[in-house]
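Here's a quick walk through a two-chain model, written for someone who likes to know the cut-offs. Have the viewer open as you read.

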Amino acid sequence: MTPFRRQARNAGMAIVIVLVFAFTLLVLGSAYLKTFSTTKPVNPKMLERLQADCFAQGISQIAMLKFKRFPADFYHAYIHHRAGLRNILPTPLERFYGAANTPLQDFRPGGASLGDPVPVATYSTWYNMISYHGYNRDALEINVAVRIGAIQQNYVFTVDASRTRLL
Amino acid sequence: MASIRLRSSNPGVTLLEIICAFLIFTIATLGASGLISFGHRGTQKDFRMVVAMDILSDRMNRLMLVSYASMSAAITAEPTVLTNDGSAGAAFWGVPYGLATYSRAGSFNVDLTLRHQAVTFGVQPFNIMSSVGYASGTPTTFAFDSFEPQYYICDGTAGRPYQVIKYIATVKWTEPNGVARSVQAVSFTVNLQGAF
């Protein structure tokens, strides 16, 4: 009876062992697939970030052009706005920023985004002045918010600006 | 004798069992190797994408340093596309375009597209002549004219020259399975040197 019992205990062990192996492989494989599927979307997001960086850099240049073209209008509009005056609505500063579909605010010439062929969803631009009275100098902050795909990026470009009295 | 009879009444069970186990193991191993191969292909594809973005970033960073005047002089048509597929050595103000090779990632082609961009700025002009008792630190003394939505037009027509150039860098490559892929980025350069 002893040999019979030993054989019955060992019967099917190879299948059990190989099933354990196969199950282990399955677990490892699914973990590998999961890792792969979570790392894959990183590249498109990096591309969107790069596209947003470049686009925002360009928009800040356009914002700089407008500031450089109309410094006195900007300064007075900015000071007027910061004083909280609402005797002119929209305020001159809001006019300076522009409404939607103007160069600093989600411009869509001919219906296509200014960023075409890059799929820029929206963008907006605004300014801040930081005064250093001790040195009679200002720093102009150009803020650009860009949304491409699912990512929203905010940029701040700071430039030195000399200030000269008008009168 | 009883035990001998019992063994001999199940001949080949162990062999059959080993064959089944081997089959299962082979199928599992094949599946695992296929999975690894799939992951490897995906990694190579991602690597090519990373290289393309690296090239794109390099070209855009270089283009940002090119002046408005240099770009404007190069625009012979709207748009002007600088392309040199399959050949290396072409450059626009130090920005290489055409063939770009990268070790272990293959070949890429870079196109540069330049075009003037019309823009129109609206302003509500500050009017110092109407600002009675003007004081620069007293905003209640500020007077503004009415808003002019087309105060400054830069559309390339007579007396209204372009001031903005839109440039696009495109990096193109072909996957081993023949699928064409590309990545692009857009930016602008502005004429800040003009007399204002």
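## Domains and ground rules

The C-alpha centres of domain 1 and domain 2 of chain A sit 61 Å apart. Domain 1 covers 2-39 and domain 2 covers 43-162, with bounds that come from an automatic or database domain assignment.

This is a predicted model: local features need pLDDT of at least 70, side-chain atom pairs count only at pLDDT 80 or more, and totals for chains, interfaces and linings use all residues. Residues are numbered from 1 along each chain as its sequence is written, while chains are lettered from A and ligands numbered from 1 in the order in which they are written.

## The two chains

Chain A has five helices and three strands, in the order α-α-α-α-α-β-β-β. Chain B has three helices and eight strands, running α-α-α-β-β-β-β-β-β-β-β from the N terminus. Helices (H or I, at least four residues) and strands (E, at least two) are DSSP runs, numbered from the N terminus.

Buried residues account for 26% of the 167 in chain A and for 26% of the 196 in chain B. Here buried takes 20 or more other C-beta atoms within 10 Å of the residue's own, exposed takes 12 or fewer, and partly exposed is in between, with C-beta atoms placed from the backbone. As for overall shape, chain B has a radius of gyration of 34 Å, whereas a compact globule of 196 residues would come out near 16 Å. That radius is taken over C-alpha atoms, and the globule rule is 2.2 Å times the number of residues to the power 0.38. The C-alpha atoms of chain B fill a box of roughly 125 × 50 × 25 Å along the principal axes.

## Where the chains meet

In all, 55 residues of chain A are in contact with 53 residues of chain B; a contact means C-beta atoms, placed from the backbone, within 7 Å. Helices H1 (2-10), H2 (13-39), H3 (42-69), H4 (71-82) and H5 (92-97) of chain A each supply at least two residues to the side that touches chain B. H3(A) gives the largest share, 16 residues. By class, this side of chain A has 35 nonpolar, 13 polar and seven charged residues. Ala, Val, Leu, Ile, Met, Phe, Trp, Tyr, Cys and Pro count as nonpolar, Asp, Glu, Lys and Arg as charged, and the others, Gly among them, as polar.

The largest nonpolar core has 64 residues, and A:Phe55, A:Ile62, B:Ala52, B:Leu56 and B:Ala169 touch the most other members. H3(A) supplies the largest share of this core, nine residues. Such a core is a set of buried Ala, Val, Leu, Ile, Met, Phe, Trp, Tyr and Cys residues joined through C-beta atoms within 7 Å.

A:Ile142 is found in strand E2 (residues 137-148) of chain A. A:Ile142 counts as buried because 23 other C-beta atoms lie within 10 Å. Leaving out residues up to four places away in sequence, A:Ile142 touches A:Ser60, A:Ala63, A:Met64, A:Thr125, A:Tyr127 and A:Phe157.

## Helix H4 of chain A

The buried residues of H4(A) are A:Asp73, A:Phe74, A:His76, A:Ala77, A:Tyr78 and A:His80. They pack against H3, H5 and strand E1 (120-132) of chain A, together with strand E5 (119-123) of chain B. After H4(A) comes A:Gly84, with a positive phi near 80 degrees.

Key. Two residues are in contact if their C-beta atoms, placed from the backbone, lie within 7 Å.
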